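Open the structure in your viewer and keep the selection tool ready. Each stop below says what to pick and what is there.

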Amino acid sequence: MIFVCIFAAALSSSSFLDDKSAKVFVSGHRGLVGSAIVRKLTELGFTNLILRSHAELDLTRQSDVEAFFASTKPEYVIVAAAKVGGIHANNTYPADFIAINLQIQTNVIDSAYRNGAKKLLFLGSSCIYPKFAPQPIPEDALLTGPLEPTNEWYAIAKIAGIKMCQAYRIQHKWDAISGMPTNLYGPNDNFHPENSHVLPALMRRFHEAKVNGAKEVVVWGTGSPLREFLHVDDLADAVVFMMEKYSGLEHLNVGSGKEVTIKELAESMKEVVGFEGDLVWDSTKPDGTPRKLMDSSKLAALGWTPKVSLKDGLVDTYKWYLENVKQ
C-alpha cells in the first residue's frame, strides 16, 4: 500500500483544472455519460475539447484510432464510449458486447499511451461485480465470484479495461485510472419501451399513461427491491474530481450512497410526471435482486459527494424527456 501511494503521488504532478486549454478527448460524447461530461467541462471553461461522432471515427478500427491520436495528440482522455444494452440485447448479441467493448477500450487506451496523453480515465459499470457480491459492494469484491450471466459479456470487457489501465500503470508508469458508476439516469438516457432500464422505462410508461388518460399503471413485482441511482451530472462532476484528485491503481466506485425502493421510485415518478391514476403492483411477477448498492466510501473520503437529489434529478430528466423524446 505504501508503494501504491508513493507511486500515485509521483504520477499526479499536473493539475487537470489548471490546464483548461489542454486538448481533452471525450469518447462517446453523444451518449448519456459522454454528453454530461462535455456539458460539465464546457461549463468549467475547457476550450479545447476533441469530439468525434461514430461516423467520423469508428473506435473499433485500430488503424483509424491510431491515426486519430497521432494527429490530434490529446493530453487528457476520458473513455465514455461503450456498447451498452439491457438483458435482451446482451442475450441476443453476446459477441458484439464483448468484442466491440474490448476493441474500443483497447484501441483508445493503447493509442492514448503511445501518443503521450498525460492521463486517462476509463469508465465502467457496477455490473463488473459478482452476482452475489456483499452489500454495499466494495471495490475489492471484484473477481471474487461468478458474474450475473445475463450481462457477463459486457462485464468481462469492462473488467479487462480496469486491468488494462492497471497494467499500463504498473509497466509504463502511466496515469490511467478507472471509475465504476452505479445506475445512471438523466438527459440523453435511453427511453426505448422494450430495452431501457427501470427509471427511464417508468418515466415513459407514466407519461404515456397520462397522455392517453389511462386509469392505472401496472408495475411488476412488489416494489420492495432497493436500488441506487446517480444523476449523470453528478457522475460528470465525479469524473472531473477524479481527473483532478485521484491517481491510484485501484478503480473507484461512484455512487449516490442512497437507496430507494422501486415503490418509492415509482411513487416519485408518478408525482413528477403528473399521472393522476392508480399505481398497481403485480406481485405475481418477479422482483429481481433484493438489493444493489455500491460502497462509494473511498471516493467520499477523498472529498467528493453527489449534489443532485433524486426528486430534482427526476424533474430535470422529465423536462428533457418532454423537450427531446418523440411521442
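## Stop 1: the cysteines

Select Cys 165, which is buried at a relative accessible area of 1% (buried means under 20% relative accessible area, exposed over 50%, partly exposed in between, with a 1.4 Å probe and protein chains only). This is a predicted model: local features need pLDDT of at least 70, side-chain atom pairs count only at pLDDT 80 or more, and totals for chains, interfaces and linings use all residues. Residues are numbered from 1 along each chain as its sequence is written, and side-chain values use heavy atoms, with hydrogens and water left out.

How many disulfides does a search of the whole structure find? The search finds zero (a disulfide is a pair of cysteine sulfur atoms within 2.5 Å). For Cys 127, the nearest cysteine sulfur belongs to Cys 165, 16 Å away.

## Stop 2: the largest nonpolar core

Select Val 77 and Leu 120. Of the 38 residues in the largest nonpolar core, these two touch the most other members. A nonpolar core is a set of buried Ala, Val, Leu, Ile, Met, Phe, Trp, Tyr and Cys residues joined through side-chain atoms within 4.5 Å. Color by element of secondary structure next. Two or more core residues come from each of α3 (62–72), β3 (76–79), α5 (94–114), β4 (119–123), α6 (152–172) and β5 (175–181). Helices (H or I, at least four residues) and strands (E, at least two) are DSSP runs, numbered from the N terminus. The largest share, seven residues, comes from α6.

Show the neighbors of Val 77. Not counting residues up to four places away in sequence, Val 77 touches Phe 25, Phe 69, Val 108, Ala 112, Ala 117, Lys 119, Leu 120, Leu 121 and Met 243 (contact means heavy atoms within 4.5 Å). Another core, of 33 residues, lies apart from this one; Phe 46, Leu 230, Leu 235 and Ala 236 are among its members.

## Stop 3: two helix pairs

Select α5 and α6. They pack at an angle of about 20°, with axes 8 Å apart. Axes are lines fitted to C-alpha atoms, for helices over the stretch in contact, and angles run from 0 to 180 degrees between N-to-C directions. The pair is therefore roughly parallel. Angles under 35 degrees count as roughly parallel, over 145 as roughly antiparallel, 65 to 115 as roughly perpendicular and the rest as oblique. Contact residues include Phe 97, Ile 98 and Leu 102 of α5, and Trp 153, Ala 157 and Cys 165 of α6.

Move to α2 (residues 32–44) and α8 (residues 232–245). Their axes come within 8 Å and cross at roughly 60°. That makes α2 oblique to α8. Among the residues that meet are Leu 32, Ile 37 and Leu 41 in α2, with Leu 235, Ala 236 and Val 240 in α8.

## Stop 4: backbone details in the loops

Select Gln 135 and Pro 136. The peptide bond from Gln 135 to Pro 136 is cis, with omega near -10°. Pro 136 sits in the loop between β4 and α6.

Next, pick Lys 73, in the loop between α3 and β3. Lys 73 is not a glycine, yet has a positive phi of about 50°. Is Lys 73 buried or partly exposed? At 40% relative accessibility, Lys 73 counts as partly exposed.

Finish on Lys 173, in the loop between α6 and β5. Lys 173 has a positive phi of about 55°, although it is not a glycine.
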